[in-house]
Amino acid sequence: MLLPKGGVSWKAARASLPPTRAIWVLLTRTRFLLLLAITGTIILLWRGISSSAPQMKSFYCWGPNKPPSEMSQNEQAAWNAHHHTPVIFNHHAPLVVNESTIDHVDLNPIKSTTKAVQNEERVLILTPLKDAAPYLSKYFELLAELTYPHNLIDLGFLVGDSTDDTLAVLSAELNRLQKRPDKFRSAMIVEKDFGFKLSQSVEERHSFEAQGPRRKAMGKARNYLLTTALKPEHSWVYWRDVDIVDSPEKILEDFIAHDRDILVPNIWFHRYENGKDIEGRFDYNSWVESDKGRALAKKLSKDIVLAEGYKQYDTGRTYMARMGDWRNNKDEEIELDGIGGVNILVKADVHRSGINFPCYAFENQAETEGFAKMAKAAGYGVYGLPNYVVWHIDTEEKGGNV
């Protein structure tokens, strides 16, 4: 290209350029703008893919294209060797329930441990009563002496089919007791008549013929009291008869230390004759099963309730009442198959699991002995302390016990 002789001047160059209006028209044409937008988008996408390729490698999901259940051991090892799979945590916001008719009970923290006092574990003391007015004064005297913290103890009573002033005497004694500085946490009185009429005379009440109906009725009374008084916060249930005349003040702590599902002491009584103190053996309902007893049960109707200490049925069982001595090691244990009801410590979860006092023949036993049979069938441990003695009143119904 030849340049003009005079050189290039601004006016000549400007004259050779397109007019400004022509350029503006070109730039504002739709086709041009669309082409410009597409070109820009392609450039941005290309730059984005190029820069993120190295980062994508860090989120690579290692392993074969199959579920873990179908992988071989080598494939699983190779898969698990890489821990770069991204994890997304979806933390849910708490659900707020403001409906006042909905209660929440968490039983998980409720335990029965050997550190009951330190853990402030609640104890429920239960006593069924019938025509018990004469015994209540002594009962509450012993109860007040218990060294387990009274603020951790709840009391429960069932009064049923009484013909004396049991309810009034009980109410008065409780009212007096709960005015003390060391009063118990709470007390509950349950009234329930079952229509069971049996003379309270020693001869009739402890006759063999009365044992089946009597034990069934007592089982029903215990169950009514238990289901009414047991609360979610209770860790232990202590069954205590009203006619105990002496027991150690630390009996709760002593029993809890054994950490047994169900535990009973030996039950004796004092009998004074000719100026002598005779130590009698009382409770024959705590026993170890025998082959003779098992063979007898196979022959009996399932509706028959066996009762111990009577000649009508010879079971050959070993009675804890005939074992032990309160002068020996009080912590010695034996495993039992049947128990009496004078004094029982039970972990509350045993009752919560459905182990109660059969008011029917369960493996030819009822009430507390049926309770022991049922507990053992469910896998719970039932134990006795032959040298740990709780003293019962002398009912004088079994002269041979002395």
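Against which elements do the buried residues of α5 pack? In this predicted model, local features were considered at pLDDT of at least 70 and side-chain atom pairs at pLDDT 80 or more, whereas totals for chains, interfaces and linings use all residues. Residues are numbered from 1 along each chain as its sequence is written, and side-chain values rest on heavy atoms, with hydrogens and water left out.

The protein comprises 12 helices and 12 strands, taken as DSSP runs (H or I of at least four residues for helices, E of at least two for strands) and numbered from the N terminus. Of its 402 residues, 40% count as buried, the term denoting a relative accessible area under 20%, with exposed meaning over 50% and partly exposed in between (1.4 Å probe, protein chains only).

Helix α5 spans residues 136–144, and L136, Y139, F140, L142, L143 and A144 are buried within it. These buried residues pack against β1 (122–129), β2 (153–159), α6, β4 (234–240) and β5 (244–246), where contact means heavy atoms within 4.5 Å. The axes of α5 and α6 come within 10 Å and cross at roughly 25 degrees; the axes are lines fitted to C-alpha atoms, for helices over the stretch in contact, and the angles run from 0 to 180 degrees between N-to-C directions. α5 is therefore roughly parallel to α6, as angles under 35 degrees are classed, while those over 145 are roughly antiparallel, 65 to 115 roughly perpendicular and the rest oblique. The contact is made by L136, S137, F140 and A144 of α5 together with T166, V169, L170, E173, L174, R176 and L177 of α6.

T166 belongs to helix α6, which covers residues 166–177, and is buried, with a relative accessible area of 0%. A polar atom of the T166 side chain lies 3.5 Å from the backbone nitrogen of D131. When residues up to four places away in sequence are not counted, T166 touches L129, K130, D131, A132, A133, L136 and V159.

Key. A polar contact is a pair of N or O atoms within 3.5 Å; within protein, one must be able to donate a hydrogen and the other to accept it, and residues adjacent in sequence count only if both atoms are side-chain atoms.
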